[in-house]
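Let's look at how helices from two chains pack against each other. Two packed helices are described by the angle between their axes and the distance between those axes.

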Amino acid sequence: MRALVDRLLPVIQAEVGFALLRGARIEGRDPRQEVRDFSQEVFVHLLSQGGKTLRSWDPERGRSLDSFVRLVARRQVAAILRSGRRNPWSDKPTADEDLERGMEAQTSHGARLESRERLDRLLGWLHERLDDRGMLLFQMLYVEERGVDEVMAATGMTRDAVYAWRSRFRKLVAKLAAEEGELGSKKSDAQRQIPDSPDQRTH
Amino acid sequence: MESEDPEIDALVAAIGERARDYDRELEDSPWAALARGDLDADAADERALEAGMSEAEREWARAAFAPLDEDERGGLVDALLAGLDDQPGEDEGDAEANDGKVVPFRAKTEAETEAETKTRDSAANRAHDPGSSPRWWVPGGMIAAAAAAILLWVAWPGDAPGPELDLGGDAPTVAVADPVPTFVLETDGGLKQMRGAEDEQPKVAAHRYQRDTEFEWILRPKLEVEGDISVRAFALVGSSGLPLAIEDLTKQSKSGSIRVAGTIGDLDLEPGRYTIALVVGRPEALPTQASEVLADGEDSGPWQVRRVDIVIED
């Protein structure tokens, strides 16, 4: 166990710390404790159910253990933060509240598409909604831009199965984008209807 | 069916590009280098200062990314191993009584570390001290789920994980806590599948739906549920499957019944024939991949699978 922790902890700690730092979730908390808690959650996830997640890593499929663990850690942290489960920042704005703030600053579709914050949000939602296998496939298809044949070889999946996942990714992104748009519209409507609302923020 | 919306295609590609940027930023981060042991704290701080990072952020990062010391690593190992302490044997304890239990941990003291070095005593034999615990914790259910894997890792001889990670077969196992009561699936067609009587289950025709057809599937526990219960769904076709996003379609009663309802279109499935696998159990123990459901069959200790065959028509 100690060898395992020594081997994987630097990767997990870097991923966890970076995610928390990027999320600007650093106020009023003991950074040491937060990183330890989240790292521990990642380890538990890797080892749960007989180590299914960790044992699903196959070095023959072209992904290093570090890369695999990084993806798992990234998804796990996103899921914890999104769900509020043991969220140490429960007194902080929720993801939806963050989203609303983000939407207020968006003025055109072109601006939205290019918004790094928006893409980060969508990426975070993907991490939260996809399982480990889904994120690995997304990573291969859209982040590493591997071809379908290469993904088939790496995963042992059929061509139809890979196409089905691609279709699923697109539908999920479309759904997330639509939800984001709806939330932005509701916020705009609310602001129009209650112009003097104390909750209205100015920019 | 491939998407025909170029805007969505562009958005998916942009998300992929953003993920690549994220990877690069992480790779180039001096703080990540600090965590990996490739850079010392002063050098990381200097680089961060040059990059314009505020003092508050740098102070946070110095603490967050500094590699965990021996005591902290020992505390983490103990926290993971401690799950073994709390597993009831086959003839002892009431597993359900452990439901929702939170087990606190603490980093080891210097005295403990020294004693451990001398005696090489097993971490599993050391009693916890919840009263003095700060915030190291793991929920009991999660520990239960991780326990078998932890045993495997303890027994694993290598210094680093390798291809022989698949240690199934004769691997040691431990009793799994947090059993859940038997669930019965009631579909909108009124057909039922009962756990524990697989051989007696009636062969039922697939439920036929169109995308705008409403459906309602209810998982009812035969006994009152204690603790958190959750459900995940997978669409299975032959030997492959996909997870379904049913979070927005799911409601749970106080007694533990779980209702999954909506229109078939909400499942985001193309027309065709599927077996929908509804997996119910402790949230932290549920499978995340369809392959786990396919491999482990109807029930797998901490979770149960209820299936309904459906045909989605054009």
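H2(A) passes H4(B) in a right-handed crossing, where right-handed has the near helix turned clockwise from the far one by less than a right angle, and left-handed anticlockwise. The model is predicted, with local features needing pLDDT of at least 70 and side-chain atom pairs pLDDT 80 or more, while totals for chains, interfaces and linings use all residues. Residues are numbered from 1 along each chain as its sequence is written, and chains are lettered from A and ligands numbered from 1 in the order written.

Here are the two helix pairs, with helices (H or I, at least four residues) taken as DSSP runs numbered from the N terminus. Axes are lines fitted to C-alpha atoms over the stretch in contact, and angles run from 0 to 180 degrees between N-to-C directions.

| Pair | Angle | Axis distance |
|---|---|---|
| H2(A), residues 31–55, and H4(B), residues 55–65 | roughly 45° | within 8 Å |
| H1(A), residues 2–22, and H5(B), residues 70–81 | about 120° | 10 Å |

H2(A) and H4(B) are therefore oblique to each other, a label for angles that are not under 35 degrees (roughly parallel), over 145 (roughly antiparallel) or 65 to 115 (roughly perpendicular). Their contact (C-beta atoms, placed from the backbone, within 7 Å) joins Pro31(A), Arg32(A) and Val35(A) to Trp60(B), Ala63(B) and Ala64(B).

H1(A) and H5(B) are likewise oblique, and their crossing is right-handed. Here Arg2(A), Val5(A), Asp6(A) and Leu9(A) meet Arg73(B), Leu76(B) and Val77(B).

Conventions
Two residues are in contact if their C-beta atoms, placed from the backbone, lie within 7 Å.
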